[in-house]
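Dear colleague,

Please find below the sequence and the structure for your records. My notes on what was found follow directly after.

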Amino acid sequence: MALFPAFGRQALITGQVERIGPQGHIELKNQRGEILPPAPGSDLGTHAGALASVIATIKQTYPQLRMAAIGHRVVHGGPDLRAPALVTPELLKKLEALSPFAPLHQPHNIAGIHAAAEAFPGVPQVACFDTAFHRGQPFVNDTFALPIRYYEQGVRRYGFHGLSYEYVTSELQRVAPNLYAGRVVIAHLGNGASMCAIHDGRSVASSMGFSALDGLPMGTRCGQIDPGVLLYMLDQEKLNTAQIRQILYNESGLLGLSGGLSNDMRTLEQADNAQSHRAIDYFVFRVQRELGAMAAVMGGIDLLVFCGGIGENSRMIRRRVCERLGWIGIEIDHGRNAEGATVISSELARTTVMIVPTREDLIIARAARAAAGVPEDAEHRAA
Ligand code: ADP
């Protein structure tokens with residue numbers, strides 16, 4: 001969560017609740033990075049309780065606070081929602097109906113909206129969807145080749161990480177308008193990882209599909225998989241859906257491939273052994289493969305952007321991904337890459353490569369500020 005003043009890009013409070021449940025832990029920090037004492041009686045056993053504890057801690061820190069609007073990250077906006085939406089009883093019904101599409105996240109997002117409404121009655125709330133940015137994709141990128149009734153009932157390729165892509169795209173529009181108007185691939189490489197092809201500012205293809213499992217391998221998620229493997233697990237291994245879900249979401253990806261060594265790229269880089277090499281090699285291979293596919297979809301590429309914890313910080317992953325991509329004009333300057341400069345492509349390369357630190361929180365803050373009637377340029381005015 002983040003608490004923003006009316007103006008500026010800097011949050012007053014940031015933090016999170018981790019391991020919601022019996023081992024729950026709340027950590028909120030002020031602008032100086034000091035940890036705020038949690039409000040007494042914090043219940044971190046449920047998502048709603050955790051949000052109530054966050055709100056109580058905020059109120060304790062800023063007793064005079066006047067909350068102008070609240071923005072929520074909501075994982076699923078379904079086939080129709082293409083922009084942030086003001087929370088109304090009708091919207092909540094719509095979001096609840098989408099829970100079967102994202103059973104691990106959507107109910108918690110909705111519980112958060114209810115908890116915020118209870119704590120701040122009458123304050124406008126706005127829902128920002130991870131799917132919205134991708135909703136204009138062409139049919140061929142939106143569908144699976146299943147009987148068409150599945151498409152009609154909403155079994156589509158939704159994308160996700162949309163708030164991150166929207167932020168990075170808006171930054172490109174501001175700092176590099178010519179590149180923004182061209183053919184862009186953004187690689188959001190974090191614990192969750194995906195890629196998006198963006199042509200003239202609009203998402204045209206994404207690596208994540210119906211769920212946040214598809215596409216690239218992630219910390220513990222498998223990424224793209226042949227559905228025949230799931231049938232094998234069901235029929236031959238006699239696993240039930242809970243067991244399969246546990247494997248696909250929590251035991252696969254970097255963690256699975258490294259034989260349980262780690263889901264964390266930094267740890268794998270430091271380990272530098274046969275297990276970590278397997279995981280990193282596969283990660284790099286899939287990013288390169290996806291990049292080639294996205295360049296093909298757009299008829300070329302003008303700009304590759306790295307973001308997310310790995311994309312922003314791992315010079316090794318950026319270097320390895322860009323190796324052997326000379327055929328699409330990618331060539332990085334190793335000095336700039338090592339420094340983590342904004343532009344890391346070499347002077348003469350045909351394709352620009354950049355690092356743009358993502359700020360999903362600012363996209364939500366923009367929507368909340370709009371709901372509160374704060375002027376559009378608020379972000380770039382002094383707080
Ligand atoms: P999330 O998807 O949970 O927001 P992040 O975007 O914070 O995740 O990314 C976390 C990943 O970034 C972890 O795999 C972590 O090891 C990796 N990471 C962070 N800093 C570095 C670094 N300096 N070198 C390599 N990997 C890093």
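**Findings**

Of the contacts in the protein with a separation of 6 or more, 61% join residues 24 or more positions apart; two residues are in contact if their C-beta atoms, placed from the backbone, lie within 7 Å. Please note that this is a predicted model, in which local features need pLDDT of at least 70 and side-chain atom pairs count only at pLDDT 80 or more, while totals for chains, interfaces and linings use all residues. Residues are numbered from 1 along each chain as its sequence is written.

The protein has 16 helices and eleven strands; these are DSSP runs numbered from the N terminus, helices being H or I of at least four residues and strands E of at least two. Its C-alpha atoms fill a box of roughly 60 × 55 × 45 Å along the principal axes. The radius of gyration is 21 Å, which agrees with the value near 21 Å for a compact globule of 383 residues. That radius is taken over C-alpha atoms, and the globule rule is 2.2 Å times the number of residues to the power 0.38.

Buried residues make up 40% of the 383 residues. A residue is buried if 20 or more other C-beta atoms lie within 10 Å of its own, exposed if 12 or fewer, and partly exposed in between, with C-beta atoms placed from the backbone. The largest nonpolar core has 90 residues, and those touching the most other members are Val-54, Val-126, Cys-128, Val-185, Ile-186, Ala-187 and Val-305. Such a core is a set of buried Ala, Val, Leu, Ile, Met, Phe, Trp, Tyr and Cys residues joined through C-beta atoms within 7 Å. Leaving aside residues up to four places away in sequence, Ala-187 touches Met-195, Val-287, Leu-304, Val-305, Phe-306 and Gly-311.

UniProt, in an unreviewed entry, places an "active site" at Asp-130; its positions are given in the numbering used here, feature names are shortened, and annotations may be inferred rather than shown by experiment. Asp-130 is in the loop between β6 (125-129) and α4 (139-142), and counts as buried because it has 26 C-beta neighbours inside 10 Å. Among the residues that Asp-130 touches, beyond those up to four places away in sequence, are Arg-73, Phe-160 and His-161.

His-161 has a positive phi of about 55° although it is not a glycine. His-161 is found in the loop between α5 (148-152) and α6 (162-175) and is buried, with 29 other C-beta atoms within 10 Å. Arg-324, also not a glycine, has a positive phi of about 65°. Arg-324 counts as exposed, with 10 C-beta neighbours inside 10 Å.

With kind regards
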